[in-house]
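Try each one before reading its solution.

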Amino acid sequence: DMKQRVLNVNSLRGHDSEIFPFKKNVRVENANGNRMSMAKLTPGTSILIYFDQKSGERTITNIIVLSTGKKQTKGKSAPSS
């Protein structure tokens with residue numbers, strides 16, 4: 001959610017979902033180290049998040065995009081995982 005500046009992430013293991021607040025200047029890059037924009041993070045994108053946690057508050061320091069999400073056609077739901 002770009003307006004609220006939060007990233008909703010599903011974990012690889014289990015069915016847990018976590019919320020990560022992010023700042024405007026968070027670094028997003030692909031596996032080769034090339035910078036990307038936050039707008040490239042669509043549902044289904046596989047990412048690796050590096051963050052600091054102080055006093056129970058998380059701050060994303062870096063996001064690495066491992067693979068991009070597929071755009072869904074209107075009216076179709078995502079397959080269950």
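**Exercise 1.** Work out what percentage of the protein's residues count as buried.

*Solution.* Keep in mind that this is a predicted model. Begin with the chain, which has 81 residues. Then apply the cut-off: a buried residue has under 20% relative accessible area. With that cut-off, 21% of the residues count as buried. For the surface, the protein exposes about 6,800 Å², and carbon and sulfur atoms supply 49% of that area.

**Exercise 2.** List the secondary structure elements and find the order of the strands in the open sheet.

*Solution.* Start by counting: the protein has 6 strands and 0 helices. Read from the N terminus, the elements therefore run β-β-β-β-β-β. Next, look at the pairing: 4 strands form an open sheet with mixed pairing, in the order β4-β3-β6-β5.

**Exercise 3.** Describe how β5 and β6 are joined.

*Solution.* First take the direction: β5 and β6 run antiparallel. Then count the bridges, of which there are 9. As one example, D52 has T59 in β6 as its bridge partner.

**Exercise 4.** Decide whether L66 is buried or exposed, and find the surface patch that includes this residue.

*Solution.* Locate L66 first: this residue lies in strand β6 (residues 57-67). Its relative accessible area is 53%, and exposed means over 50%, so L66 is exposed.

Definitions and conventions:
Residues numbered from 1 in each chain as written. Predicted model: local features only at pLDDT ≥ 70, side-chain atom pairs only at ≥ 80, totals over all residues. Heavy atoms only, no water. Helix = DSSP H or I, 4+ residues; strand = E, 2+ residues; numbered from the N terminus. Buried < 20%, exposed > 50% of the residue type's maximum accessible area, 1.4 Å probe, protein only. Pairing = 2+ DSSP bridges. Areas by Shrake-Rupley, 256 points an atom, 1.4 Å probe, with all protein chains shown as cover.
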